[in-house]
Amino acid sequence: MAELTIARLLFATTASVHYLFVATTLGLTPIIAVLSTLSALRGRRQPTPIIDLLARIYVANYGIGIVAGLVMELQMAMLWTGPGTDEYGPIAGLLALETVVAFFLESTLLGVWLAGRKIIPLWLQSAVFWGITITAYASMIFIVTANSYLHDPIPTPQLTPAAFWALVDRPATVWPLIHIAASSLIIGAFWCATFGANWLRTDPLSVPGRRLIRIGVGIAALASPPLAVAGFAQFDAARPEGVPTDEPDWLHALASVMILTGMAIWLLTWFVLGPLTLNGAIFRGKRWLALLRIGLWVPMPILLIGWIYRELSRQPWFIVGRVTVQEAASPIGTPAMLTLAAVFAVLSAVTLAVAWLVFRRVLRGHPTTVVAS
Ligand code: HEM
(Lines give C-alpha, C1' and ligand atoms only; values in the text may rest on other atoms or scores of the structure.)
Protein backbone atom coordinates (compact mmCIF):
# COMPACT_ATOMS: atom_id res chain seq x y z
CA MET A 1 0.00 0.00 0.00
CA ALA A 2 2.81 2.39 0.97
CA GLU A 3 4.51 1.49 -2.31
CA LEU A 4 1.41 2.46 -4.28
CA THR A 5 1.13 5.76 -2.40
CA ILE A 6 4.76 6.60 -3.22
CA ALA A 7 4.21 5.69 -6.90
CA ARG A 8 1.14 7.94 -7.03
CA LEU A 9 2.99 10.81 -5.32
CA LEU A 10 5.82 10.49 -7.84
CA PHE A 11 3.36 10.55 -10.74
CA ALA A 12 1.65 13.61 -9.25
CA THR A 13 4.94 15.46 -8.70
CA THR A 14 6.56 14.80 -12.08
CA ALA A 15 3.33 15.37 -14.05
CA SER A 16 2.56 18.60 -12.14
CA VAL A 17 6.01 20.04 -12.84
CA HIS A 18 5.65 19.15 -16.53
CA TYR A 19 2.10 20.54 -16.74
CA LEU A 20 3.10 24.04 -15.55
CA PHE A 21 5.32 24.39 -18.64
CA VAL A 22 2.76 22.83 -20.98
CA ALA A 23 0.09 25.33 -19.95
CA THR A 24 2.52 28.22 -20.50
CA THR A 25 3.32 26.90 -24.00
CA LEU A 26 -0.37 26.55 -24.85
CA GLY A 27 -1.07 30.01 -23.46
CA LEU A 28 1.75 31.89 -25.14
CA THR A 29 1.88 30.34 -28.64
CA PRO A 30 -1.44 31.73 -29.95
CA ILE A 31 -0.68 35.15 -28.43
CA ILE A 32 2.74 35.31 -30.14
CA ALA A 33 1.28 34.01 -33.44
CA VAL A 34 -1.50 36.64 -33.46
CA LEU A 35 0.79 39.54 -32.43
CA SER A 36 3.38 38.49 -35.00
CA THR A 37 0.74 38.27 -37.77
CA LEU A 38 -0.72 41.69 -36.88
CA SER A 39 2.77 43.25 -36.97
CA ALA A 40 3.51 41.62 -40.33
CA LEU A 41 0.20 42.93 -41.72
CA ARG A 42 1.23 46.43 -40.61
CA GLY A 43 4.36 46.08 -42.76
CA ARG A 44 6.98 45.34 -40.08
CA ARG A 45 9.85 43.11 -41.14
CA GLN A 46 11.13 42.16 -37.68
CA PRO A 47 9.41 41.35 -34.33
CA THR A 48 8.33 44.12 -31.94
CA PRO A 49 9.88 44.29 -28.43
CA ILE A 50 6.72 42.64 -27.03
CA ILE A 51 6.97 39.69 -29.41
CA ASP A 52 10.67 39.43 -28.64
CA LEU A 53 9.98 39.27 -24.88
CA LEU A 54 7.17 36.71 -25.17
CA ALA A 55 9.27 34.62 -27.56
CA ARG A 56 12.15 34.56 -25.04
CA ILE A 57 9.82 33.36 -22.31
CA TYR A 58 8.26 30.80 -24.65
CA VAL A 59 11.61 29.33 -25.80
CA ALA A 60 12.96 29.05 -22.23
CA ASN A 61 9.70 27.47 -21.14
CA TYR A 62 9.62 25.01 -24.05
CA GLY A 63 13.17 23.80 -23.36
CA ILE A 64 12.49 23.16 -19.69
CA GLY A 65 9.09 21.65 -20.50
CA ILE A 66 10.87 18.98 -22.56
CA VAL A 67 13.24 18.15 -19.70
CA ALA A 68 10.30 17.94 -17.28
CA GLY A 69 8.41 15.80 -19.83
CA LEU A 70 11.33 13.34 -20.09
CA VAL A 71 11.46 13.00 -16.29
CA MET A 72 7.69 12.31 -16.26
CA GLU A 73 7.94 9.73 -19.08
CA LEU A 74 10.81 7.96 -17.31
CA GLN A 75 8.72 7.81 -14.14
CA MET A 76 5.77 6.35 -16.08
CA ALA A 77 7.98 3.76 -17.80
CA MET A 78 9.42 2.61 -14.45
CA LEU A 79 6.45 2.79 -12.11
CA TRP A 80 3.37 1.98 -14.19
CA THR A 81 4.16 -1.21 -16.06
CA GLY A 82 1.60 -3.53 -14.47
CA PRO A 83 0.52 -6.62 -16.46
CA GLY A 84 -0.29 -5.74 -20.07
CA THR A 85 -3.89 -5.67 -21.25
CA ASP A 86 -5.73 -4.82 -24.48
CA GLU A 87 -7.25 -1.89 -22.60
CA TYR A 88 -3.98 0.04 -23.06
CA GLY A 89 -4.14 -0.11 -26.91
CA PRO A 90 -5.90 3.24 -27.53
CA ILE A 91 -3.73 5.14 -25.00
CA ALA A 92 -0.53 3.73 -26.54
CA GLY A 93 -1.74 4.83 -30.00
CA LEU A 94 -2.60 8.34 -28.79
CA LEU A 95 0.72 8.80 -26.96
CA ALA A 96 2.60 7.63 -30.08
CA LEU A 97 0.65 10.12 -32.20
CA GLU A 98 1.46 12.87 -29.72
CA THR A 99 5.18 12.12 -29.84
CA VAL A 100 5.57 11.52 -33.55
CA VAL A 101 3.06 13.88 -35.15
CA ALA A 102 2.90 16.74 -32.73
CA PHE A 103 6.09 16.82 -30.69
CA PHE A 104 8.63 16.12 -33.47
CA LEU A 105 6.84 18.47 -35.86
CA GLU A 106 6.60 21.20 -33.22
CA SER A 107 10.32 20.92 -32.36
CA THR A 108 11.30 20.98 -36.03
CA LEU A 109 9.21 24.08 -36.71
CA LEU A 110 10.62 25.73 -33.59
CA GLY A 111 14.14 25.03 -34.90
CA VAL A 112 13.25 26.56 -38.29
CA TRP A 113 11.73 29.60 -36.57
CA LEU A 114 14.74 30.13 -34.27
CA ALA A 115 17.26 29.70 -37.10
CA GLY A 116 15.33 32.06 -39.40
CA ARG A 117 14.49 34.84 -36.96
CA LYS A 118 17.16 37.26 -38.17
CA ILE A 119 16.95 36.21 -41.82
CA ILE A 120 13.36 35.62 -42.93
CA PRO A 121 10.67 38.33 -43.10
CA LEU A 122 8.11 38.62 -40.33
CA TRP A 123 5.20 37.27 -42.38
CA LEU A 124 7.13 34.02 -42.92
CA GLN A 125 8.12 33.89 -39.24
CA SER A 126 4.43 34.29 -38.40
CA ALA A 127 3.46 31.44 -40.73
CA VAL A 128 6.04 29.15 -39.09
CA PHE A 129 4.82 30.20 -35.65
CA TRP A 130 1.23 29.33 -36.58
CA GLY A 131 2.60 25.86 -37.43
CA ILE A 132 4.13 25.69 -33.93
CA THR A 133 0.82 26.76 -32.39
CA ILE A 134 -1.19 24.20 -34.36
CA THR A 135 1.17 21.34 -33.45
CA ALA A 136 1.14 22.39 -29.76
CA TYR A 137 -2.68 22.25 -29.78
CA ALA A 138 -2.61 18.94 -31.69
CA SER A 139 -0.48 17.58 -28.83
CA MET A 140 -3.10 18.78 -26.39
CA ILE A 141 -5.88 17.04 -28.35
CA PHE A 142 -4.02 13.69 -28.34
CA ILE A 143 -3.21 13.87 -24.62
CA VAL A 144 -6.66 15.02 -23.50
CA THR A 145 -8.27 12.34 -25.67
CA ALA A 146 -6.07 9.72 -23.99
CA ASN A 147 -7.07 11.13 -20.59
CA SER A 148 -10.73 11.10 -21.61
CA TYR A 149 -10.35 7.39 -22.50
CA LEU A 150 -9.02 6.76 -18.95
CA HIS A 151 -12.10 8.48 -17.51
CA ASP A 152 -14.68 7.02 -19.87
CA PRO A 153 -13.27 4.15 -21.98
CA ILE A 154 -14.94 2.89 -25.15
CA PRO A 155 -14.69 -0.79 -26.15
CA THR A 156 -11.88 -0.85 -28.71
CA PRO A 157 -8.63 -2.80 -28.59
CA GLN A 158 -6.90 -0.49 -31.10
CA LEU A 159 -6.85 3.14 -32.09
CA THR A 160 -8.45 2.94 -35.54
CA PRO A 161 -9.45 6.26 -37.23
CA ALA A 162 -13.10 5.51 -36.34
CA ALA A 163 -12.18 4.83 -32.69
CA PHE A 164 -10.10 8.02 -32.60
CA TRP A 165 -13.03 10.07 -33.87
CA ALA A 166 -15.47 8.37 -31.48
CA LEU A 167 -13.15 9.30 -28.59
CA VAL A 168 -12.66 12.92 -29.66
CA ASP A 169 -16.20 13.76 -30.69
CA ARG A 170 -17.95 13.42 -27.33
CA PRO A 171 -18.61 15.70 -24.35
CA ALA A 172 -16.10 13.76 -22.16
CA THR A 173 -13.33 15.05 -24.45
CA VAL A 174 -14.68 18.30 -25.91
CA TRP A 175 -15.43 20.04 -22.57
CA PRO A 176 -12.02 19.24 -21.01
CA LEU A 177 -10.37 20.41 -24.27
CA ILE A 178 -12.16 23.78 -24.06
CA HIS A 179 -11.48 24.02 -20.31
CA ILE A 180 -7.75 23.33 -20.72
CA ALA A 181 -7.37 25.65 -23.73
CA ALA A 182 -9.15 28.47 -21.84
CA SER A 183 -7.16 27.91 -18.61
CA SER A 184 -3.91 27.92 -20.63
CA LEU A 185 -4.92 31.19 -22.33
CA ILE A 186 -5.49 32.64 -18.88
CA ILE A 187 -1.95 31.57 -17.95
CA GLY A 188 -0.62 33.24 -21.14
CA ALA A 189 -2.65 36.37 -20.31
CA PHE A 190 -1.21 36.53 -16.78
CA TRP A 191 2.34 36.16 -18.14
CA CYS A 192 1.64 39.23 -20.32
CA ALA A 193 0.06 41.31 -17.54
CA THR A 194 2.77 40.40 -15.00
CA PHE A 195 5.63 41.26 -17.35
CA GLY A 196 3.83 44.40 -18.56
CA ALA A 197 3.55 45.59 -14.95
CA ASN A 198 7.24 44.81 -14.41
CA TRP A 199 8.12 46.85 -17.50
CA LEU A 200 6.26 49.85 -16.05
CA ARG A 201 8.30 49.47 -12.88
CA THR A 202 11.51 50.41 -14.73
CA ASP A 203 9.82 52.84 -17.12
CA PRO A 204 6.39 54.07 -15.93
CA LEU A 205 5.60 55.45 -19.41
CA SER A 206 6.71 52.35 -21.36
CA VAL A 207 4.35 51.87 -24.33
CA PRO A 208 5.12 48.13 -24.74
CA GLY A 209 4.57 47.67 -20.97
CA ARG A 210 1.11 49.25 -21.22
CA ARG A 211 0.26 47.22 -24.33
CA LEU A 212 1.24 44.00 -22.57
CA ILE A 213 -1.10 44.80 -19.69
CA ARG A 214 -3.93 45.57 -22.13
CA ILE A 215 -3.29 42.31 -23.97
CA GLY A 216 -3.17 40.32 -20.72
CA VAL A 217 -6.33 41.79 -19.20
CA GLY A 218 -8.17 41.54 -22.55
CA ILE A 219 -7.30 37.88 -23.10
CA ALA A 220 -8.12 36.91 -19.50
CA ALA A 221 -11.52 38.64 -19.88
CA LEU A 222 -12.22 36.79 -23.14
CA ALA A 223 -11.06 33.37 -21.89
CA SER A 224 -12.94 33.45 -18.53
CA PRO A 225 -16.50 32.75 -19.80
CA PRO A 226 -15.57 29.64 -21.88
CA LEU A 227 -13.38 28.48 -18.97
CA ALA A 228 -16.33 28.60 -16.55
CA VAL A 229 -18.93 27.19 -18.98
CA ALA A 230 -16.69 24.24 -19.97
CA GLY A 231 -15.71 23.74 -16.31
CA PHE A 232 -19.32 23.40 -15.12
CA ALA A 233 -20.17 21.18 -18.12
CA GLN A 234 -17.30 18.83 -17.15
CA PHE A 235 -19.01 17.81 -13.92
CA ASP A 236 -21.59 15.80 -15.89
CA ALA A 237 -19.46 14.85 -18.87
CA ALA A 238 -16.26 13.48 -17.34
CA ARG A 239 -17.11 9.92 -16.27
CA PRO A 240 -19.61 7.18 -17.17
CA GLU A 241 -22.63 6.92 -14.90
CA GLY A 242 -22.97 3.98 -12.51
CA VAL A 243 -19.26 3.24 -11.95
CA PRO A 244 -18.47 3.91 -8.28
CA THR A 245 -15.34 5.98 -7.45
CA ASP A 246 -14.05 6.92 -4.01
CA GLU A 247 -13.47 10.66 -4.24
CA PRO A 248 -12.23 11.91 -0.84
CA ASP A 249 -14.43 14.63 0.69
CA TRP A 250 -11.60 17.17 0.95
CA LEU A 251 -11.36 17.05 -2.85
CA HIS A 252 -14.54 19.13 -3.02
CA ALA A 253 -12.76 21.89 -1.08
CA LEU A 254 -10.03 21.91 -3.74
CA ALA A 255 -12.66 22.08 -6.49
CA SER A 256 -14.29 25.03 -4.71
CA VAL A 257 -10.98 26.93 -4.63
CA MET A 258 -10.63 26.38 -8.39
CA ILE A 259 -14.20 27.48 -9.15
CA LEU A 260 -14.03 30.56 -6.90
CA THR A 261 -10.73 31.65 -8.47
CA GLY A 262 -12.15 31.17 -11.98
CA MET A 263 -15.24 33.25 -11.15
CA ALA A 264 -13.08 35.91 -9.42
CA ILE A 265 -10.86 36.23 -12.54
CA TRP A 266 -13.98 36.60 -14.69
CA LEU A 267 -15.60 39.25 -12.45
CA LEU A 268 -12.35 41.16 -11.85
CA THR A 269 -11.35 41.34 -15.51
CA TRP A 270 -14.86 42.33 -16.66
CA PHE A 271 -15.82 44.82 -13.97
CA VAL A 272 -12.60 46.13 -12.41
CA LEU A 273 -9.37 45.53 -14.33
CA GLY A 274 -11.01 45.83 -17.78
CA PRO A 275 -12.55 49.30 -17.17
CA LEU A 276 -9.39 50.50 -15.35
CA THR A 277 -7.28 49.37 -18.32
CA LEU A 278 -9.60 50.96 -20.87
CA ASN A 279 -9.52 54.37 -19.17
CA GLY A 280 -5.77 54.08 -18.40
CA ALA A 281 -6.15 54.47 -14.62
CA ILE A 282 -4.47 51.10 -14.02
CA PHE A 283 -1.15 52.44 -15.35
CA ARG A 284 -1.08 55.12 -12.66
CA GLY A 285 -2.37 52.94 -9.79
CA LYS A 286 0.69 51.69 -7.91
CA ARG A 287 -1.36 49.14 -5.96
CA TRP A 288 -2.93 47.67 -9.10
CA LEU A 289 0.47 47.38 -10.77
CA ALA A 290 1.91 45.72 -7.66
CA LEU A 291 -0.96 43.20 -7.78
CA LEU A 292 -0.43 42.51 -11.47
CA ARG A 293 3.27 41.89 -10.84
CA ILE A 294 2.42 38.91 -8.66
CA GLY A 295 -0.67 38.00 -10.70
CA LEU A 296 0.94 35.01 -12.41
CA TRP A 297 1.13 33.19 -9.08
CA VAL A 298 -2.68 33.10 -8.88
CA PRO A 299 -3.65 30.81 -11.81
CA MET A 300 -0.46 28.67 -11.68
CA PRO A 301 -1.37 26.72 -8.50
CA ILE A 302 -5.01 26.59 -9.63
CA LEU A 303 -3.89 24.70 -12.73
CA LEU A 304 -2.38 22.07 -10.48
CA ILE A 305 -5.46 21.97 -8.27
CA GLY A 306 -7.64 21.40 -11.37
CA TRP A 307 -5.42 18.62 -12.59
CA ILE A 308 -5.16 16.94 -9.16
CA TYR A 309 -8.93 17.16 -8.81
CA ARG A 310 -9.43 15.44 -12.16
CA GLU A 311 -7.00 12.63 -11.42
CA LEU A 312 -8.11 12.00 -7.82
CA SER A 313 -11.81 12.04 -8.64
CA ARG A 314 -11.16 8.91 -10.78
CA GLN A 315 -9.77 6.83 -7.91
CA PRO A 316 -9.40 3.88 -7.46
CA TRP A 317 -9.40 3.52 -11.24
CA PHE A 318 -6.59 3.88 -13.73
CA ILE A 319 -9.06 3.17 -16.56
CA VAL A 320 -12.53 3.66 -15.07
CA GLY A 321 -14.39 0.35 -14.67
CA ARG A 322 -11.57 -1.67 -16.32
CA VAL A 323 -8.13 -1.36 -14.66
CA THR A 324 -7.42 -0.16 -11.11
CA VAL A 325 -4.41 1.98 -10.18
CA GLN A 326 -3.21 -0.93 -8.01
CA GLU A 327 -3.24 -3.22 -11.08
CA ALA A 328 -1.45 -0.65 -13.25
CA ALA A 329 1.47 -0.11 -10.84
CA SER A 330 4.82 -1.88 -11.36
CA PRO A 331 5.41 -4.60 -8.71
CA ILE A 332 8.96 -3.52 -7.88
CA GLY A 333 9.09 -3.85 -4.08
CA THR A 334 9.65 -1.28 -1.33
CA PRO A 335 13.48 -0.84 -1.49
CA ALA A 336 13.42 -0.18 -5.25
CA MET A 337 10.43 2.16 -4.83
CA LEU A 338 12.19 4.18 -2.11
CA THR A 339 15.31 4.48 -4.28
CA LEU A 340 13.24 5.69 -7.23
CA ALA A 341 11.39 8.13 -4.97
CA ALA A 342 14.71 9.71 -4.02
CA VAL A 343 15.87 9.79 -7.67
CA PHE A 344 12.67 11.41 -8.96
CA ALA A 345 12.47 13.89 -6.10
CA VAL A 346 16.01 15.05 -6.95
CA LEU A 347 15.24 15.13 -10.71
CA SER A 348 12.10 17.23 -10.16
CA ALA A 349 13.92 19.65 -7.85
CA VAL A 350 16.81 19.96 -10.33
CA THR A 351 14.34 20.62 -13.19
CA LEU A 352 12.74 23.48 -11.25
CA ALA A 353 16.13 24.92 -10.27
CA VAL A 354 17.35 24.74 -13.89
CA ALA A 355 14.11 26.40 -15.01
CA TRP A 356 14.75 29.27 -12.61
CA LEU A 357 18.33 29.71 -13.90
CA VAL A 358 17.32 29.47 -17.58
CA PHE A 359 14.53 32.03 -17.17
CA ARG A 360 16.92 34.39 -15.38
CA ARG A 361 19.52 34.00 -18.09
CA VAL A 362 17.09 34.39 -20.99
CA LEU A 363 15.51 37.50 -19.45
CA ARG A 364 18.73 39.02 -18.08
CA GLY A 365 19.05 42.70 -18.92
CA HIS A 366 15.48 42.97 -20.23
CA PRO A 367 13.63 46.05 -18.89
CA THR A 368 10.91 43.81 -17.44
CA THR A 369 13.36 42.18 -15.06
CA VAL A 370 15.74 45.05 -14.25
CA VAL A 371 14.47 46.87 -11.19
CA ALA A 372 14.98 50.65 -11.25
CA SER A 373 17.39 51.78 -8.56
C1 HEM B 1 -14.70 28.96 -13.41
C2 HEM B 1 -14.83 27.98 -12.65
C3 HEM B 1 -14.26 26.59 -12.91
C4 HEM B 1 -14.98 25.44 -12.96
C5 HEM B 1 -16.48 25.30 -12.84
C6 HEM B 1 -14.06 24.35 -13.15
C7 HEM B 1 -14.41 23.01 -13.22
C8 HEM B 1 -13.55 21.96 -13.41
C9 HEM B 1 -13.88 20.56 -13.35
C10 HEM B 1 -15.27 20.02 -13.07
C11 HEM B 1 -12.74 19.84 -13.59
C12 HEM B 1 -12.47 18.33 -13.54
C13 HEM B 1 -13.49 17.44 -14.05
C14 HEM B 1 -13.16 16.01 -13.76
O15 HEM B 1 -13.30 15.56 -12.63
O16 HEM B 1 -12.73 15.32 -14.65
C17 HEM B 1 -11.69 20.78 -13.82
C18 HEM B 1 -10.40 20.43 -14.15
C19 HEM B 1 -9.41 21.34 -14.40
N20 HEM B 1 -9.48 22.71 -14.21
FE21 HEM B 1 -11.11 23.78 -13.69
N22 HEM B 1 -12.80 24.86 -13.23
C23 HEM B 1 -12.84 26.23 -13.08
C24 HEM B 1 -11.78 27.11 -13.08
C25 HEM B 1 -10.46 26.77 -13.38
C26 HEM B 1 -9.34 27.67 -13.41
C27 HEM B 1 -9.39 29.16 -13.05
C28 HEM B 1 -8.27 26.96 -13.82
C29 HEM B 1 -6.84 27.41 -14.03
C30 HEM B 1 -6.48 28.56 -14.50
C31 HEM B 1 -8.70 25.60 -14.03
C32 HEM B 1 -7.88 24.56 -14.47
C33 HEM B 1 -8.26 23.25 -14.54
C34 HEM B 1 -7.40 22.18 -14.99
C35 HEM B 1 -5.96 22.34 -15.48
C36 HEM B 1 -8.11 20.99 -14.90
C37 HEM B 1 -7.63 19.58 -15.25
C38 HEM B 1 -8.04 19.34 -16.66
C39 HEM B 1 -7.71 17.96 -17.18
O40 HEM B 1 -6.75 17.35 -16.74
O41 HEM B 1 -8.48 17.50 -18.03
N42 HEM B 1 -10.04 25.52 -13.75
N43 HEM B 1 -12.21 22.07 -13.69
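This is a predicted model: local features need pLDDT of at least 70, side-chain atom pairs count only at pLDDT 80 or more; totals for chains, interfaces and linings use all residues.

**Fold**

Reading along the sequence, I get the pattern α-α-α-α-α-α-α-α-α-α-β-β-α-α for the chain. That comes to 12 helices and 2 strands; helices (H or I, at least four residues) and strands (E, at least two) are DSSP runs, numbered from the N terminus. I looked up the radius of gyration next: it is 21 Å, close to the 21 Å from the globule rule for 373 residues, so the chain is as compact as a globular protein of that length. The radius is taken over C-alpha atoms, and the rule is 2.2 Å times the number of residues to the power 0.38.

Residues are numbered from 1 along each chain as its sequence is written.

I also checked the box: along the principal axes, the C-alpha atoms fill roughly 60 × 45 × 45 Å. Of the 373 residues, 40% count as buried (20 or more other C-beta atoms within 10 Å of the residue's own; exposed is 12 or fewer, partly exposed in between, with C-beta atoms placed from the backbone). Among contacts between residues at least 6 apart in sequence, 83% join residues at least 24 apart; a contact has the two C-beta atoms, placed from the backbone, within 7 Å.

**Ligand site**

I count 28 residues around the ligand, the closest being Ala 228, Gly 231, Ala 238, Gly 262 and Gly 306 (C-beta atom, placed from the backbone, within 6 Å of it). Helices H4 (122-151), H6 (171-202), H7 (207-237), H8 (250-278) and H10 (299-312) each give two or more residues to this shell. H10 has the largest share, with 7 residues. By type, the shell divides into 18 nonpolar, 9 polar and 1 charged; Ala, Val, Leu, Ile, Met, Phe, Trp, Tyr, Cys and Pro count as nonpolar, Asp, Glu, Lys and Arg as charged, and the others, Gly among them, as polar.

**Two single spots**

Where does Pro 316 sit? I find Pro 316 in the loop between H10 and strand E1 (317-319). The peptide bond from Gln 315 to Pro 316 is cis, with omega near 10°.

Thr 13 belongs to helix H1 (residues 2-41). Thr 13 is partly exposed, with 19 other C-beta atoms within 10 Å. Leaving out residues up to four places away in sequence, Thr 13 touches Phe 344 and Ser 348. I also noted that Thr 13 and Met 72, 59 residues apart in sequence, are 8.6 Å apart in space, C-alpha to C-alpha.
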